[in-house]
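I opened my notebook to record what I looked up in this structure.

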Amino acid sequence: MIDFKNVTKTYKPDITALKGISLHIDKGEFVFVLGPSGAGKSTFLKLMLREEAADKGEVIVNGYNLSKIKQRDIPYMRRTLGVVFQDFRLIPTMTVYENIAFAMRVTNIGEKDIKKRVPYILNLVGLTDKAKKFPTQLSGGEQQRVALARALVHSPELVIADEPTGNIDPELSIEIMELLKAINSVGTTVVVVTHEHELAHTYAKRIIEIKDGTIVLDTAMAKAVRF
């Protein structure tokens, strides 16, 4: 599902964001990637999305070798992912329904399929009654659920959430995490990139912690060593 093989990423002139990290995330896992600001989390995320390329090593996501992928194939790779951003990235001039439908239209999915899929996804995230609302008419938690719905609309095998609770109240954070947990329970791989240790220890089956560009903790490896 996700493989980092001795991956190094350096920003000019001399800032090494990731230093030879290796890890494997299997299909169906629920993983938290933890670390303080500047630890390398954002670079880890950008490499998975192929917004950046590794300087050394290999990054493989959903069968795509991102170290060798051609530029024209990057959009196809990204369609195999569902991504939830901290700042929601909703289109303010579109309703909730239109924001989700737009994610399908840009990949040339027909209107018939859109009319079936969007109501199903809205129901899944509990926003059926908000379909005609605009983002500015929603709470932060509701906007985050729209962002999650948009990420799920293509039934991705992998959902990546970047600080999904960073801009919402603590009680709403529980709602979002419960939704991610439910998504994972049906076999979808979930990777949450965050700095919130308490959240990670509450929900994660596996925690990977990055500090100063290196992996300082991987609970999967710790269990393997223990047993």
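**Exposure terms.** I began with the cut-offs: buried means under 20% relative accessible area, exposed means over 50%, and partly exposed lies in between (1.4 Å probe, protein chains only). The model is predicted, so I noted that local features need pLDDT of at least 70, side-chain atom pairs count only at pLDDT 80 or more, and totals for chains, interfaces and linings use all residues. Residues are numbered from 1 along each chain as its sequence is written, and side-chain values use heavy atoms, with hydrogens and water left out.

**Ser 155.** I looked up its backbone and found a positive phi of about 50°, although Ser 155 is not a glycine. Ser 155 sits in the loop between H5 and E7. Helices (H or I, at least four residues) and strands (E, at least two) are DSSP runs, numbered from the N terminus. Is Ser 155 buried or partly exposed? Its relative accessibility is 49%, so Ser 155 counts as partly exposed.

**Asp 212.** Here I found another non-glycine with a positive phi, about 50°. Asp 212 lies in the loop between strand E9 (206–211) and strand E10 (214–218).

**Helix H1.** I checked residues 41–48 next. Six of the eight residues of H1 are buried, and the helix is mostly covered. The buried ones are Lys 41, Thr 43, Phe 44, Leu 45, Leu 47 and Met 48. Just after H1, Arg 50 takes a positive phi of about 60°.

**H3 against H4.** Two packed helices are described by the angle between their axes and the distance between the axes. Axes are lines fitted to C-alpha atoms, for helices over the stretch in contact, and angles run from 0 to 180 degrees between N-to-C directions. H3 (residues 96–105) and H4 (residues 111–124) pack at about 130°, with axes 10 Å apart. That makes H3 oblique to H4. The classes are: under 35 degrees roughly parallel, over 145 roughly antiparallel, 65 to 115 roughly perpendicular, the rest oblique. Contact means heavy atoms within 4.5 Å. On the H3 side, the contact includes Val 96, Tyr 97 and Ile 100; on the H4 side, it includes Ile 114, Val 118 and Leu 122. The contact residues of H3 with H4 divide into nine nonpolar, no polar and five charged. Ala, Val, Leu, Ile, Met, Phe, Trp, Tyr, Cys and Pro count as nonpolar, Asp, Glu, Lys and Arg as charged, and the others, Gly among them, as polar.

**H3 against H5.** The axes of H3 and H5 come within 8 Å and cross at roughly 30°. H3 and H5 are therefore roughly parallel to each other. Val 96, Asn 99, Ile 100 and Ala 103 of H3 meet Val 146, Ala 149 and Arg 150 of H5. This contact has five nonpolar, one polar and one charged residues.

**Cores.** A nonpolar core is a set of buried Ala, Val, Leu, Ile, Met, Phe, Trp, Tyr and Cys residues joined through side-chain atoms within 4.5 Å. Which residues have the most contacts inside the largest core? They are Phe 32, Ile 100, Met 177, Leu 180 and Val 192, in a core of 39 residues. H5 gives the most to this core, with six residues. A second, separate core has 31 residues, including Ile 21 and Ile 69.

**Tyr 120.** I found Tyr 120 in helix H4. Tyr 120 is partly exposed, at 48% relative accessible area.
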